[in-house]
Amino acid sequence: MEKGSSGFTPRMLNILLFVLGLIIIGPLYGYGQMEKAYVSSQDGTKIFIFDLSKHSLVKTINVFTPTPLGKVLPPNINDVAVAGGKVFVTVPGPEITASGINEVKVLDPRSDTITGTIKAGMTPSGLLPYGDQIYVVNRYGNTIQVIDINTLKITRTIPFTNPKTTPLNNPVFMEIANDKIYLPFPGDLARPGGIQVIDLKTGQALKFIEFGPVSSYGPYAIKKVAEDKIYLGGSQSIAVLDTRTDGITKVVPLSGKDLLVQSIAVYKDRVYVANSVSTVDVIDRTNDSLIKDIDTGYHSYAYHLRSDVAAGGNTIVVSDAGRGLKIIDGKSEKLVTTIISEEALGPVGIVAGSETPIGGGNKR
């Protein structure tokens, strides 16, 4: 067997060089990265980074310090999405004003540092990766803004109006399918909500889909689960929307403990539906049937806060505003542990090691 002057065979030398390459160059390309969850605090002032393999918090990033008034105001809903090797976090700030925080922060998951700040419209709430762009719903600014993932520049602003004479609650999230934007306007007992359908190319409103026959509350969470199918979260239910006809074709009843569906995540042929009270419902997206619900521990004191669910690797992660970060094993679909947090956790996105990054609950 041929040996080099150092005593290594050519094969041994190649293996050594490969290993050294992984150590030195690998992190630049995602090799060997830990599976991490990026979780925003409910008020958007902090971003928590968790190592999912060790079930531990590894870093906290302070985003901004609220004013004395901001500290007593209820938090505005924000969001997290993973796209193009970056982590995007909306930071609306506590005050609903054009002069408020109103930003989108961009993190590099290799260094876990903030590498960009984008000034958005008023109260940016929802993020949706789509192609090489990421769409932002400015909840009280009545606009959708489009950000180029590579340049981090806003390339388009799409205005929207409230579709009812008696205004509905403003949309938090959105979806895109078949060249159409689906914008859910949540309702309540006095005014059932619905979904505004907007032409993606022209920005013109096409249709309003009434949600009242499904649930007085909702739609809140929205998620495309197949090319022609969107799930909409109501009260104790999921509505199935066919994007070819823009009609609701089925209602899937959920666990009796559920309140308003707050977040939806897709992983393989399963759909995970979360609320902020007690359960994660598992749905077979091939036939739109409820398979089971996963008990994550009942409580009622955080139902008014944002809960989120994300899936990646073999892990389902639920940010529970009242208790912390819940880790569910993707194979057994059982609760493994809860990482206790002293602060109320909000939206979450997963960067799954060397795999393709996977976003949070209401993102595609």
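The model is predicted, so local features need pLDDT of at least 70, side-chain atom pairs count only at pLDDT 80 or more, and totals for chains, interfaces and linings use all residues. Residues are numbered from 1 along each chain as its sequence is written, and side-chain values use heavy atoms, with hydrogens and water left out.

**Stop 1: Thr 315**

Select Thr 315, in strand E25 (residues 315–320); strands (E, at least two residues) are DSSP runs, numbered from the N terminus. Thr 315 is buried, at 12% relative accessibility; buried means under 20% relative accessible area, with a 1.4 Å probe and protein chains only. Now show Glu 35: its side chain makes a polar contact with that of Thr 315, at 3.5 Å. A polar contact is a pair of N or O atoms within 3.5 Å, one able to donate a hydrogen and the other to accept it. Leaving aside neighbours within four places in sequence, Thr 315 is also in contact (heavy atoms within 4.5 Å) with residues including Leu 52 and Ile 350.

**Stop 2: Gly 121**

Next, find Gly 121 in the loop between strand E7 (113–119) and strand E8 (124–130). Gly 121 is buried too, with a relative accessible area of 15%.

**Stop 3: the largest nonpolar core**

Finally, select Tyr 182, Phe 211 and Leu 241, which are among the residues touching the most other members of the 16-residue largest nonpolar core. Such a core is a set of buried Ala, Val, Leu, Ile, Met, Phe, Trp, Tyr and Cys residues joined through side-chain atoms within 4.5 Å.

Technical notes
Helix = DSSP H or I, 4+ residues; strand = E, 2+ residues; numbered from the N terminus. Buried < 20%, exposed > 50% of the residue type's maximum accessible area, 1.4 Å probe, protein only.
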